[in-house]
Amino acid sequence: MELITIDRGLCKKDGICKAVCPMQLLQVGEEGFPEMIPGAERFCIACGHCQAVCPRSALTYAGVAPQECTPIDRNKAGNLENLENLENLIKGRRSIRKYKKGAVPHETLERLLDMVRWVPSARNGQPLHWLMVEDREKLDRLAGLVADWTRKNEHYSQMATAWDQGFDAIFRGAPHLAVAHASVDAVRPALDCVIATTTLDLAASAMGLGGCWAGVFIEAADSEPLREFLHLPEDHKVYGALMLGYPSFNYQRAPQRKAIKLSWL
Ligand SMILES: Cc1cc2nc3c(=O)[nH]c(=O)nc-3n(C[C@H](O)[C@H](O)[C@H](O)COP(=O)(O)O)c2cc1C
Ligand code: SF4
């Protein structure tokens with residue numbers, strides 16, 4: 001199958017698809033229509049920009065017609081009200097450390113993770129795998145393993161003490177933990193997972209959920225007992241993890257933050 005096919009009845013030969021291709025894989029064919037440079041398919045990173053940008057819906061990519069893609073409402077971009085909403089969301093997101101007991105429905109979690117598929121990833125590698133720990137009993141066992149790991153690390157030893165005293169300073173009693181893992185052989189697995197986890201945190205906040213990075217867990221996740229518990233593939237590492245659940249309290253205002261450190265060059 002051709003990677004790219006052009007509907008010649010729709011294409012206006014505007015060259016936009018060729019202009020946006022990050023790998024410069026497109027050329028203008030004899031009749032002025034865009035086409036893949038012969039033999040260039042193997043360099044395609046499947047970013048889909050050529051298809052996503054076409055104002056005429058003329059480009060089919062890998063057998064997927066433009067009508068099958070998620071439409072984007074351009075009227076919403078550049079709208080000040082949207083910017084204010086986004087600003088409110090960014091400033092209003094907090095790391096939540098007190099959760100209500102109830103679980104988040106599967107559909108809600110799936111909707112969030114589905115949304116996050118559109119985050120950037122190095123070379124569009126999309127190497128990320130999610131593991132959703134959704135059973136509080138399993139989370140307790142996992143927290144116990146993390147607590148054991150902290151016993152050998154004096155920096156975190158108070159976490160084990162708290163755990164022994166019945167306080168979960170590791171997952172804060174959250175009903176879910178979203179774990180982002182990827183192959184160490186991906187182009188930038190750590191950055192890709194961090195971007196996705198951060199976006200998940202923000203999207204969760206927009207849906208009235210709360211999240212909190214599970215940093216100690218991430219550090220402990222490469223130890224053998226945790227790898228085994230998580231069934232991580234041999235070449236994978238955990239690079240991001242977010243507790244998730246319904247927050248017990250709503251924040252009324254944004255806390256103080258340092259002034260922006262900015263220099264212009
Ligand atoms: C990489 C990373 C790891 C973190 N790990 C933890 C953690 O293990 N436990 C925790 O309670 N908070 C953790 N946090 C949350 C930070 O403490 C929090 O983002 C910071 O205090 C600012 O608060 P805010 O997120 O509400 O603005 C982590 C944050 C990041 C970015
Ligand atoms: S999918 Fe991306 S890399 Fe591949 S041809 Fe289209 S724009 Fe270029």
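**View 1. Helices H5 and H6 cross in a left-handed manner.** This is a predicted model, in which local features need pLDDT of at least 70 and side-chain atom pairs count only at pLDDT 80 or more, while totals for chains, interfaces and linings use all residues. Residues are numbered from 1 along each chain as its sequence is written, ligands are numbered from 1 in the order in which they are written, and side-chain values use heavy atoms, without hydrogens and water. Helix H5 spans residues 136-151 and helix H6 residues 157-164; helices here are DSSP runs (H or I, at least four residues) numbered from the N terminus.

**View 2. Helix H4 packs against helix H7.** Here residues 106-115 (H4) and 189-206 (H7) pack at about 135°, with axes 9 Å apart. The crossing of this pair is right-handed. Leu112, Leu113 and Met115 of H4 meet Leu200, Ala203 and Ala204 of H7, where contact means heavy atoms within 4.5 Å.

View 3. An N or O atom in the side chain of Arg94 is 2.7 Å from an oxygen atom of the ligand. For Arg97, a polar side-chain atom lies 2.7 Å from a ligand oxygen atom. Gly215 takes part through its backbone, with an N or O atom 2.7 Å from an oxygen atom of ligand 1.

Technical notes
Axes are lines fitted to C-alpha atoms, for helices over the stretch in contact, and angles run from 0 to 180 degrees between N-to-C directions. Helices (H or I, at least four residues) and strands (E, at least two) are DSSP runs, numbered from the N terminus. A crossing is left-handed if the near helix is turned anticlockwise from the far one by less than a right angle, and right-handed if clockwise. A polar contact is a pair of N or O atoms within 3.5 Å; within protein, one must be able to donate a hydrogen and the other to accept it, and residues adjacent in sequence count only if both atoms are side-chain atoms.
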